[in-house]
Amino acid sequence: MERRSRGPNVASVQQCSIDNLKADLSFLDGAKPIEAAEFLLRRDRLAQALAANKVDAFVLEPGYTFQYYGNVSQHDWEPWEPEERPFLMLIMPQASPDGSISAKTAFLSPHFEEGRVRMLGIPSRDDAELDIVVWEEHWNPYTTLLDSRLFAGSSSSSSKAAPTLMVDEEMRDYIVRGLAAAGFRTVGLSPEAELVRQQKTAAEVAILRAVNTGTVAAVRAMRPCLVPDLTEDQVTAILDRTLLSIDGFGLFFDIVLIEEHGALPHGGFVTGGKKLTYDSMVVIDVGAHYLGYSSDICRSFMIDPPPPGRRVVFPSDPLRAEKEQVWRIVLDAQTAAARAMKPNGTAASVDIAARSVIEEAGYGYGFTHRLGHGIGIKAHESPYLNKWNTGSLLQPGMTFTNEPGIYLEGKFGVRHEDIYLVKEDGEAELLTGQRARGIYEP
């Protein structure tokens, strides 16, 4: 009679992972919610960019940018999903007698939602009441905005030219067309306006450091607990619960890929059921949310070999030498890219630094995506690190993913991803605590 082997003890692995992580939560030290004064400072910086661009107002609707300028990391924030009724925030430059530029913030809201808007807790200067232009549902909201007090004294209106609105990249097309049809002139984001969000403050960096270091710590805490026969889906669930054991962390995404599945950088519909072995190369691409900001890290590793004295018979892995070689090449590529992250260097030069290492090692065909992207309240933000992006210059305060990879179809994949902060002087600062050190120490 054949004896059926018992499956892995998932509950035991789960507890091991959480216990390992809870042994050191110091990565949370120093991170705190963004204070109200910083939201006002962000808007003032944007207003100065708008004045330089000769734009009357920046207009946006609920989404990441709205949260960035409104109230992103407060625990009592009420998400406002975009709907068919336009609810818009406007940030307008206003000049003081001494010539300095500050922001005036106003809103366009359906009349019946006015009370709800005032309850959002959006910071305002001197705790003044929010300036809200209301529209009834049988009115045209866009002509209501144009005819409102907000544009009665604008520089554009006084010269009888159409007021110029800079529209956020998340703005839906029908709203942009509605504004244009009403008589506004609409323009896209300028580099000066984008730079406001691209350059992170010390408070933002502290949160990014906490959430990204914590996410790496969760993967490291889980790895020594993993055992053969766990499936990709089971490992995903274990890591999710480990992340949720951190107070304030929320789930974002979690991709676990084993062996040849790892050659698909973001997986696919066929992944989830492959089982771990002692020879498996595991690729985990995972992100979490904390205080309104995102993590996005990746680790490639193998589980611990069987303990000494335990007899385990399994076939030797013909790919073992290549796995270790590729793992090291990708790490060297990441090192080269980190060294290239300097002020006024191009986004393209950082990608090329990593790509050159991989190409010189003979695996250029296997590096199938860009090197990385900006990161903040949104996991993917501009600027983007790809070899054609010669127009974007790195500036101090920008934060990026650095994620080279090699993907060998039918075999395995390797990717290392960490977060870096561009500094005024010297090399970029690592915001993920510790880079990968070895195939058993990711």
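The model is predicted, so local features need pLDDT of at least 70 and side-chain atom pairs pLDDT 80 or more, while totals for chains, interfaces and linings use all residues. Residues are numbered from 1 along each chain as its sequence is written, and side-chain values use heavy atoms, without hydrogens and water.

**Exercise 1.** Describe how H1 and H9 pack, and classify the residues in their contact by type.

*Solution.* 
1. H1 spans residues 10–22 and H9 residues 202–222; helices are DSSP runs (H or I) of at least four residues and strands (E) of at least two, numbered from the N terminus.
2. The helices pack at about 130°, with their axes 8 Å apart; axes are lines fitted to C-alpha atoms over the stretch in contact, and angles run from 0 to 180 degrees between N-to-C directions.
3. Ser17, Asn20 and Leu21 of H1 meet Ala217, Ala218, Ala221 and Met222 of H9, where contact means heavy atoms within 4.5 Å.
4. By class, this contact has 5 nonpolar, 2 polar and no charged residues.

**Exercise 2.** State whether Thr105 is buried or exposed, and identify its contacts.

*Solution.* 
1. Thr105 belongs to strand E3, residues 101–110.
2. Its relative accessibility is 18%, so Thr105 counts as buried (under 20%; exposed is over 50% and partly exposed in between, with a 1.4 Å probe and protein chains only).
3. Beyond neighbours within four places in sequence, Thr105 touches Arg43, Met89, Leu90 and Asp131.
4. The side chains of Thr105 and Arg43 form a polar contact at 3.2 Å (an N or O pair within 3.5 Å, one able to donate a hydrogen and the other to accept it; residues adjacent in sequence count only if both atoms are side-chain atoms).

**Exercise 3.** Which backbone oxygens does the side chain of Tyr174 reach?

*Solution.* 
1. Tyr174 lies in helix H7, residues 173–182, and at 31% relative accessibility counts as partly exposed.
2. Apart from neighbours within four places in sequence, Tyr174 is in contact with Glu83, Glu84, Arg85 and Tyr142.
3. The Tyr174 side chain reaches the backbone oxygen of Glu83 at 3.2 Å and that of Glu84 at 3.0 Å.

**Exercise 4.** Locate Pro318 and give its separation from Asp279.

*Solution.* 
1. Pro318 sits in the loop between strand E10 (297–301) and helix H11 (320–340).
2. Pro318 is exposed, with a relative accessible area of 77%.
3. Pro318 and Asp279 are 39 residues apart in sequence, and their C-alpha atoms are 9.8 Å apart.

Note on methods:
Ala, Val, Leu, Ile, Met, Phe, Trp, Tyr, Cys and Pro count as nonpolar, Asp, Glu, Lys and Arg as charged, and the others, Gly among them, as polar.
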